Amino acid sequence: MSESKPNWWKASTCYQIWPASYKDSNGDGMGDIPGIISTLPYLKDLGVETIWLSPMFDSPQKDMGYDISNYEDIYPPYGTMSDMDNLIKSCHDLDIKLILDLVVNHTSDEHAWFLESRRDKTNPKADWYIWRDPKVVDGQRRPPNNWASIFGGSAWEYVPERDQYYLHLFAVGQPDLNWENEETRSAIYSSAVKFWLDKGIDGFRVDTANLYSKDTSYPDAPVVNPSEDCQVAFQYFVNGPRMHEFLQELRERVLDQYGDILMVGELPHTGADEVMAYVSAARREYNCVFDFDVVNLGTTTNEGGKKHHAHRHTLPQFKDAVRKAQDLLRGTDAWTTVFLENHDQGRSLSRFATDAPAFRERAAKMLAILMCTLSGTMFLYQGQEIGTYNYPIHWGVEELRDVDSINAYNEVLLHHKGDRLWLKKTLRGLQLVGRDNARLPVQWDSSANAGFTAGKPWMRVHDDYENVNVGNQLDDPRSVLSFWKKMIKLRKDHPELMIFSRDFDVWDKWDQHVFTFTKKHPDGGATLLVFLNFSDEEQPMHYPVALRAARKELLVSSADEVGDYLSPWEGRVYLFNETVLNGA
Ligand code: TEU
């Protein structure tokens, strides 16, 4: 059955903005809110209907704004509250929705709540964070347990004033809030959620949306990595016992008063198999989530592996990860997302396709076909629309800015006593999957600093900006940017097949070079057949038997000429109007 009146966010084309690196308007070297406003016509023209703005709240920036010191204020280099009001209004004037990041697993250690909490054990906010007594081993003070922080080192930090440790699953400057405390939850709802919904924003991307409820006995994690002091402890804080209760409370107490807003949760360390409990519409928790099956490929994140263990995945693994996210829809009331990039990931071209100069543009177009033909709410990340790829392999550690990457590098430095080859391995891993890749300034044109800033950019600009930039591509009908525009439009022209279909089937599971899938129209009948060549060579096409003789219409190809074979990195989409595909 077709979805007769779908929620606005299902078909919305979303675009993520990372404020520091997007567009600088005042020459201080950092992107800002007026810079964002100046590009809204560009985004509108691209087909963007919703903007997800990464944290622009006041913050000491230990983790680029994911360490918030005041939910109700703006980080000064990004602008003022009146700039934000302006952004909300300017978006809405253009019929663009705006969602913000909701970061409420932790605050900054400079948030007023934490400054009070850390003072002593009796202040009114003493229990707003997670405090535990030291363990004493052989007369030595030790953290309460052996949990590792997600960013490396112990997850506990000692505070002499209380003679206690606080929990920080991420950086030391990101103490975890105590969601077990009802008063703390109410304060979070009011300051981080209501404050912004009252300003008229259209929803939230919810950061680490499944970590709020911990195993409150805080047991030691099993030692899986004997050479390390601290151990991966995901099983004690991911999808914890009260997680769903908290989300339903948030919905009932706050969100229900605001109509059809979008709540898209980030679900780290959770495979698609476990996602359903969050996204089934009947449960009214998240509308959809970012699960990590695709973006974790080639990393060892879930096993507690290190950045230097990054490797290249295989195409069958990639297909299976895509299939899992699509299968969330099959026969369910759930919804899913489509994304290959965000601010925590290497660029999709480099990770999932190729950034070799000869094939880069073709590959970027092929990935555009992939994304635009998948069901779910689609999210593009800034720069993806022009085919931005990872920073060059020769960049040294001094170019890195991300706390996670720098910690990873320093850990290797310490552990392997500065060994040259270990460091090289680590830098290679970071070049493939490191978060800095996504955080380089956006390449707007060929002028100095890629037109990002008139000042000195806070982070190095990509070496290839004169080649890959918006300005070069805007008026070129053959550019990656023009192709994205065309694909976004095509997606909107075929919503039932491309956005809403709940029948996604892979036809060449084990093929190492080609990804072939079909999507069926919810009312039966029409079928979409998509071929994607993930190789530098021509490839034959695998037609599902039932479609072999059927009449078809070519909807789009990313190749210059459409032949009997797929050309290198070609994507091609056929529409079959009358065929009923019966699983043959
Ligand atoms: O990331 C959540 C997360 O689990 C990360 O560990 C992610 O896997 C990691 O960035 C990969 O290196 C969210 C935000 O997206 C991220 O930017 C923040 O640093 C983090 O939460 C803490 O707020």
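Are Phe290 and Phe379 buried or exposed? Select both to start the tour. Phe290 is buried, and Phe379 is buried too. Keep in mind that this is a predicted model.

**The wider setting**

Colour the aromatic residues. The structure holds 39 aromatic pairs. This tour visits a few stops among them.

**Stop one: Phe57 and Trp196**

Select Phe57 and Trp196. Their ring centres are 5.9 Å apart. The planes meet at 75°, over the 60 degrees needed, so this pair counts as edge-to-face. Phe57 belongs to strand β3 (residues 57-58), while Trp196 belongs to helix α6 (residues 182-198).

**Stop two: Phe290 and Phe379**

Return to the opening pair. The ring centres of Phe290 and Phe379 lie 4.8 Å apart. Their planes stand at 75°, so this pair is edge-to-face. Trace the strands next. Phe290 is in strand β13 (residues 288-291), and Phe379 is in strand β15 (residues 377-381). They are 89 residues apart, and the pair links distant parts of the chain.

**Stop three: a cluster**

Select Phe318, Phe352, Phe504, Phe515, Phe517, Phe534 and Trp569 together. Ring pairs link these residues into a cluster.

**Stop four: charges over rings**

Select Trp8 and Lys97. Lys97 lies over the face of Trp8, 4.7 Å from the ring centre. Then move to Lys125 and Trp128. Here the charged end of Lys125 sits over the Trp128 ring, at 4.8 Å from its centre.

Definitions and conventions
Residues are numbered from 1 along each chain as its sequence is written. This is a predicted model: local features need pLDDT of at least 70, side-chain atom pairs count only at pLDDT 80 or more; totals for chains, interfaces and linings use all residues. Side-chain values use heavy atoms; hydrogens and water are left out. Rings of Phe, Tyr and Trp (its six-membered ring) pair if their centres lie within 6.5 Å; planes under 30 degrees apart count as stacked, over 60 as edge-to-face and the rest as tilted. Helices (H or I, at least four residues) and strands (E, at least two) are DSSP runs, numbered from the N terminus. Buried means under 20% relative accessible area, exposed over 50%, partly exposed in between (1.4 Å probe, protein chains only). A charge sits over a ring if NZ of Lys or CZ of Arg is within 6 Å of the ring centre and within 35 degrees of the ring normal.
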